Structure formats: structure tokens, C-alpha cells
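Subject: Structure handover and notes

Hello,

Please find the structure below, followed by notes on what was found in it.

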Amino acid sequence: MPAQRIVVTGANGFIGRNFIVRLSELGMDAVPLSRESTRESWFTAIADADAVIHLAGANRPTDPAEFMAVNHGTADLIAEAVAAAGHPVRIAYASSSRAEEPTDYGRSKLAGEERLKVLAEETGSPVHILRLPNVFGKWARPNYNSAVATFCHNIARGLPIQVNDPAAPLSLVYIDDVMAALVAIVNGEAPEGAVTIDPIYHTTVGAVAETIAGFRQDRSDNLIDSVGTGLTRALYSTYVSALPLEEFSYVIAAHSDPRGSFSEILKTRTSGQFSYFTAHPGVTRGGHYHHSKTEKFLIVHGIARFGFRHVVTGETHEIIVSGERPEIVETVPGWTHDVTNIGDTELISLLWANEIFDRAYPDTIAAKV
């Protein structure tokens, strides 16, 4: 089956750029249309299209009349081009959750929806309507696309942000979830009519601003939030995508002494911390036990001997590991332990501990193996 030919209007916009990239990943033929495209180019592109993903629209025009001219006008142009093509074309329209509001913007979006519904009746073209709330994610323009983009851009640069009403409700949808919905439409896997994007995050302006500001503070404290799922994951990815080039890297503290060096890589609030250390040949590190703390060591370079002794029974145990064979060594509460570099080169080890080191309650008691 030949690759589908997908026309994307608003291709230079925030959602459009993301979708053009997604189509290229899927091996589909994307035909971009933008504000600079002529009426003739719209007709030519749609003439042999399998689908039109209509993302073009007016969001913040200087003249309110432009809302209707663009949001209804482009839908009308698509309808004319599909009728001229003489065959059904699948249509996805990025409308707005504000389409039924009594505003110039809302009325224009609703008019675009109605025009495309008429097109469906006249030509049999499947039409899908996505009433999108605030969309956020990478490549969104600050001070234009969404408050999230503005917050991320400013906070990443240490610039002030303005929050007029922290309790103001905010409904958000992440760009990756919009992409998934659009791909399902292109593949014929979505029903016609209204398309629901899942999930929609219901939050407040203040909560979003506070979360994003926390990302910047956490980075300076070498901390990471629970950024692996849900809204926090999506906000964190958006924040990182807004970092200026000079913030793509940052220095962490190194604590060096005659034995080698030690650095905390990253601390988490709920799952401990990650560190690494080095040891010169013949050096022994450790020589302590914990009551509750546990650790996982991974030698990534060199050869190490781990020694263990039970603090009550005196039982001993020894493990030799090498960076050439990945093997986790776990410290066990109630067993004193140390690690010795028994090789001829620098020993390098990664280390995870199940809790952040607390100087007031270190749970680290010196004792020889």
C-alpha cells in the first residue's frame, strides 16, 4: 500500500510542526500549507490528498474580523477544494473547546465546524472535529500559544511571570496526545464527528506556574520531581524543551580527597538518590553499616572487591566484580561493608541509595569489615 498523502494546514504552527515530524516518522507523505500558500496551491494539494489535517487558524489577530475570515474562510476553502477534487477526503479540524462561546473567536470556530459538516453531507468525506482546550508541549511559542509556553520560557531564563488569578481553572492537553489522536484519524481508527483527546488535565493557572517554577529550583538543588507520569511529566518535558542553549548542561559538586572523588548525580523526593565515586588503585572506601538505608553499586570501570561483615554474628562475605560484566552489589542493613579497588586503573562506580543523605540522621555507623 503506498504511503498516504496528508495535507497539513497551519504547518508552520506549533501543532503543525509537531505533526509534520510525526508523519515523517511514520513514512507518510506530508504536504504542508501555511499562510504563505496560495489559493491555487491549496486546490492542487487537496486534489490528490488522502486526508487534510486542518490546523490553520487565527488566535490573536489585531482585527477581530480576522477570526471569521480565517477560521471560517479556510474551512470554506477546504470544502471548495475537496468538492473540486471529486472524491471523498478525510478531514480533521482542530477546533476549540471555546467554539460555543459567544465571542468572535468562538463563533468563528463553530462556523468552521458547521461548514465542514456540510462538506461531509455533500461529498461523503469523513469529518472529525477536535475541540481542543489549551495545547502545550515542545515548540510552542511563548506569549502566543499558551500560558504554559510563556511560563516555561520565562522561568527557564529567570524572567518574571504574571499570574493574575492563581485559582483560575485551566484545562490542558499535551501535544503528544494530540498527535496520537491525529494519527488515529489518518489511519481511519477514529469515529467520525467529535473526537475526544485523552487525557485532558484539569488544573489551575497557579498550580501550573508553581510546578514549573519548582523545576528550576529543583535543578539548582540537584533534585528531581516525580516527572515520569501524567501532567507533571508533560510539564517537565515542556519546560526542558524551553531551556536556552547555555542551560543544556550544568555542573554538579565534586568532593575529592586522596582516595578519589564523590558526586551526587541526582536526588529524588521519594526514591532516594544517585551518585558516583572513583577510587585510586589500592584504595578502600566505606567501612560502615546502616540500620535501614540500602544501596546498589554498579562498577562501570575497574575491578572491585566488596567486603561484608554481620555486625552481630561476625559472619563475613566477599564479592569481586568488574566493569566488564554489569553486576549490581547491594548493601544490606546490619552488615558493615567496604569496597576496595583491586585493579591497576581507576575504579568508577555508580551508586543508588534508597534515601537522600540527611546529615542530621545519616544512618551511617563507622565499623571495619
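Contact means heavy atoms within 4.5 Å. Helices (H or I, at least four residues) and strands (E, at least two) are DSSP runs, numbered from the N terminus.

This is a predicted model, in which local features need pLDDT of at least 70 and side-chain atom pairs count only at pLDDT 80 or more, while totals for chains, interfaces and linings use all residues. Residues are numbered from 1 along each chain as its sequence is written, and side-chain values use heavy atoms, with hydrogens and water left out.

Strand E7 (residues 169–174) runs antiparallel to E9, and 4 bridges join them. Pro169 has Thr204 in E9 as its bridge partner.

Helix H5 (residues 147–156) is largely enclosed by the rest of the structure, because 8 of its 10 residues are buried. Buried here means under 20% relative accessible area, exposed over 50%, and partly exposed in between (1.4 Å probe, protein chains only). Among the buried residues of H5 are Phe151, Cys152 and Ile155. Their cover includes E6, E7, H7 and helix H8 (230–241).

The pairing around E16

Strand E16 (residues 303–310) pairs with strand E17 (residues 316–322) in the antiparallel sense over 7 bridges. E16 is also joined by 7 bridges to strand E19 (residues 335–341), again antiparallel. Ala304 has a bridge partner in each: Val321 in E17 and Asn341 in E19. The hairpin of E16 and E17 has 5 residues between the strands, and Gly314 there takes a positive phi near 80 degrees.

Salt bridges

How many salt bridges does a search of the whole structure find? The search finds 17, a salt bridge being a side-chain nitrogen of Lys or Arg within 4 Å of a carboxyl oxygen of Asp or Glu.

- Glu113 and Arg131 form one, with the closest N and O atoms 2.9 Å apart. This pair links distant parts of the chain, 18 residues apart: Glu113 is in helix H4 (residues 104–123) and Arg131 in strand E5 (residues 127–132). Glu113 counts as buried at 1% relative accessibility, whereas Arg131 is partly exposed at 33%.
- Lys117 and Glu114 form another (3.8 Å, N to O). They are separated by about one helical turn, because they are 3 residues apart in helix H4.
- Arg259 and Asp257 also meet in a salt bridge (2.8 Å, N to O). Elsewhere, salt bridges that share partners join Arg5, Asp29 and Asp48 into one network.

Regards

Definitions and conventions:
Pairing = 2+ DSSP bridges.
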